[in-house]
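Hi there,

Here is the structure I promised to pass on to you. Have a look at it first, and then read my notes below.

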Amino acid sequence: QVQLVESGGGLVQPGGSLRLSCAASGSIFSINAMGWYRQAPGKQRELVAALTSGGRTNYADSVKGRFTISRDNAKNTAYLQMNSLKPEDTAVYYCNARVWVAQTSPLLDYWGQGTQVTVSS
């Protein structure tokens, strides 16, 4: 069992900043990647940012230059620093972790509960 606990969402004015945190715990042998996804009303869930264990990042075009994903490997925690927030960033943000739960296990995906980010004046 792997648990992901998210925090940091809330209401912010356009141009403001938020930092989301995602702490992974449980039976984790190794983390392959962690990432952030979001889902706005009426839209499909989309990748916002991802970070592999090798340090490679991937960002949605809409957030490049504004959002930064990072990890604290010792704490199995991922962060999403969101700057210059826009109303179109409003969504439920979900943390994802792709992990090996044992040395010989396949990769498994786990999801956080989601945290609401609302950008509005």
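Five salt bridges turn up in a search of the whole structure; a salt bridge here is a side-chain nitrogen of Lys or Arg within 4 Å of a carboxyl oxygen of Asp or Glu. This is a predicted model, where local features need pLDDT of at least 70 and side-chain atom pairs count only at pLDDT 80 or more, while totals for chains, interfaces and linings use all residues. Residues are numbered from 1 along each chain as its sequence is written, and side-chain values use heavy atoms, leaving out hydrogens and water.

One of the bridges joins Asp-89 to Arg-38, with the closest N and O atoms 3.0 Å apart. Asp-89 sits in the loop between β8 (77-82) and β9, and Arg-38 in strand β4 (residues 30-39), 51 residues away; strands (E, at least two residues) are DSSP runs, numbered from the N terminus. Both Asp-89 and Arg-38 are buried, whereas Asp-61 and Lys-64, another bridged pair, are both exposed. Buried means under 20% relative accessible area, exposed over 50%, and partly exposed in between (1.4 Å probe, protein chains only). Asp-89 and Arg-38 also belong to a salt-bridge network with Glu-46 and Arg-66.

There is one disulfide too, meaning a pair of cysteine sulfur atoms within 2.5 Å. Cys-22 and Cys-95 form it, their sulfur atoms 2.0 Å apart. Cys-22 is in strand β3 (residues 18-26) and Cys-95 in strand β9 (residues 91-100), so the link ties together parts 73 residues apart in sequence. Cys-22 is buried at 0% relative accessibility, and Cys-95 is buried at 0% as well.

Enjoy exploring!

Key
Helix = DSSP H or I, 4+ residues; strand = E, 2+ residues; numbered from the N terminus.
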